[in-house]
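This report looks at how aromatic rings pair with one another and with charged side chains. Please have the sequence and the model open while reading.

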Amino acid sequence: MRQPFGNLVRRCFCTSLKPYFNEIAPAKPSFFGDGWDNKGLFGIEELADASGFMEFSEGAKAKSYELLYEALSKNRTRKMVEIFDEMSNSLCKVADLAEFVRIGHPDPLFRKNATDASIKISREVEKLNVHRELYDCLKKVVDNGDVVPTTDVDKEVARLFLHDFEQSGVHLNDQDRDKVVQLNDFILHIGGYFVSRVSEPTLVPKEEVPKKYQDKFPVDGYNLSIRGLFTSSSDEDLREIAFKLFYKPDEHREKLLLQMLTARFALANLCGFPSFGERAIRGGIFESVAQVNSFLETLSDSLKPLAANDYNLMLSIKKKLDPSASEVKPWDPQYLIENFKYSRLSSALQETLSYFSLGVCMDGLNHIFKSLFNIHLEYCAPRAGELWHPDVIKLNVYDEHKQELGSIYCDFFERDGKPHQDCHFTIRGGCQLSDGNYQNPIVVLVLSLPKSNSFIPTLLSPHMVDNLFHEMGHAVHSILARTPFQHTTGTRCSTDLAEVPSILMEYFIQDPRVVSTFAKHYANDQPIPDNLLSTWIASKKFFNASETQLQLFYAALDQAYHGRDPLLGSNSTNAQAMKVCEKYYQFGYSPDIAWQLRFGHLVGYGAKYYSYLISRSVSRLIWTKYFSADPFSKEAGHIYQTRVLAHGGGKPAADIVEDILEHPVDPNYLSQSIIDDIVECNQRCKQFL
Ligand SMILES: [Zn+2]
């Protein structure tokens, strides 16, 4: 399916990925393989066309019933956890694939049928989640041991299944269980509704906006529609108006958020927890809400002076632009940072672009993976019907014995209708099958990169390179976990551990020794000059402390809303927002600004938004301990692979982290790691200030 050039390269046994990523084959009308040779989406024969979702999901349903009977049977001979995982595998194979197709497939019929399949499988999962007899069988095994010998991993995964079961209240009496089911359903719907509305524009009557700015905003009926923040405008009044109107309190969203938080609190109480946070934070790197809060508070205290430095620096930039300026406002930072970067770095950064074609970045990744883990990525010609778009590139991953370990489908280029979100999807988790074979993992990485043209390949900005490396970190976690159970494959681990492998990859590309191995000009293969390289690296981390403080504020807000007194005895979300804002955010609180009503992650993360900060801290500690001396160390790669990646979620996250860091996990230790990181970045940025 590639250009002749690509075929030639393959015949030469060249392992470079560059030709495949720096050239895009023209779209082929017969690409989806309408003919007799169609092998189906992802090579699944039922999915040769969109109607196959019916057969695909019915097959999974039938298989799960078969396994249900086996689990309940008195004559059971297999481990209970094995049967559970197979049941979960049969349903997840459809649900996970459908979840991706629903979002990422360009054909509306595929999307529709995937959505239907997804709903059908969700119903099956819901039924199983409240299957009391099945729960009792598993509980007996967890409490008293199985009828066949089990390992530590078996026991841990069985406990995780039991924990998931109990989230649905299966262990409660009939009346409470029904309430839990209803509350879960209500939270799912109301949460989805809140998320769908967090980025909607604010509509305001024209007269609320000064006349001279009215034409800046699109008109919607009698109103003006405030859709963004004008962060790049040099007119401070315009930025202020847009900011205040965009974040203006909104009754409807307030009601939705209030209902969701109240329902979550009630759900947690019903399940025997004093707060939703205490229900959610189990099995993570921190195992209690108290530890999480202590981490957030310690970090906040140490961060304040660093954030204050950033503030002063921003004020001095603002004063240069406007000598009468006396303070920095919440609508200023993004503008001032961009202005600063533009004036000091833009021409150098523009020059760096040519050294970061997508192809050389992919080769850079391949080199890192080969050095650390003895694996390599190889282009794989897709079979007819296997891909959902001709721009998608399939890679297989092999170990040093040429054994295939899994596949990564790279859906990297922007196209009409494609969601603009960089994402890693697990299509199929790795696991040991009952026939003795290993089910290799399949993942999809979605990015939104500009396509190449006939003269210039896709060139990546520093931010795009970060995202590519980040998502590839997730992919390698999925591929290298090789867990016996798909329930704990790769990224299916606690939320605060899941981002460690991806953020760690971002440390590799902050290191000039790593970047210089692959950053080469697309036209003449010349390496990036040292001065451009140091600008490129420094450019990513300016004003790191103030950005971290904003994330910390959101994490603290998320904790507070899911704590024991979510609304501080009031009947609105404002009192809590005010308290957290005053404590954590240097710009303080204003009743005109309702941050919380634009914070959609409250739904998806639900008391776990702090996870990213923890992952960042742990990644840095791993980087410093193992890779900073030699980023290509095979020995360090092996330790990291066996102590972290190999386990997926099959071992408690706190144990994984303590094993790799050889240090107890405590709030001070992890918070200090973030402070050290910021100080180090500031040092690197100093020469440009
Ligand atoms: Zn991530």
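## A buried phenylalanine pair

Phe356 and Phe518 are both buried, a term that here means under 20% relative accessible area, with exposed set at over 50% and partly exposed in between (1.4 Å probe, protein chains only). The model is a predicted one, in which local features need pLDDT of at least 70 and side-chain atom pairs count only at pLDDT 80 or more, while totals for chains, interfaces and linings use all residues. Residues are numbered from 1 along each chain as its sequence is written, and side-chain values use heavy atoms, with hydrogens and water left out.

## Aromatic pairs

Across the whole structure, a search finds 43 aromatic pairs, where rings of Phe, Tyr and Trp (its six-membered ring) pair if their centres lie within 6.5 Å, and planes under 30 degrees apart count as stacked, over 60 as edge-to-face and the rest as tilted. Phe340 belongs to helix α13 (residues 333–352), whereas Phe543 is in the loop between α19 (530–538) and α20 (544–561), so that the pair links distant parts of the chain, 203 residues apart; helices are DSSP runs (H or I, at least four residues), numbered from the N terminus. Phe340 is buried at 4% relative accessibility, and Phe543 is likewise buried, with a relative accessible area of 4%.

Phe356 and Phe518 also pair edge-to-face, at 6.3 Å centre to centre and 80° between the planes.

## Charges over rings

The charged end of Arg598 sits over the ring of Phe246, 3.7 Å from its centre, a contact that requires NZ of Lys or CZ of Arg within 6 Å of the ring centre and within 35 degrees of the ring normal. Arg197 lies over the face of Tyr193, at 5.9 Å from the ring centre.

How values were computed. Helices (H or I, at least four residues) and strands (E, at least two) are DSSP runs, numbered from the N terminus.
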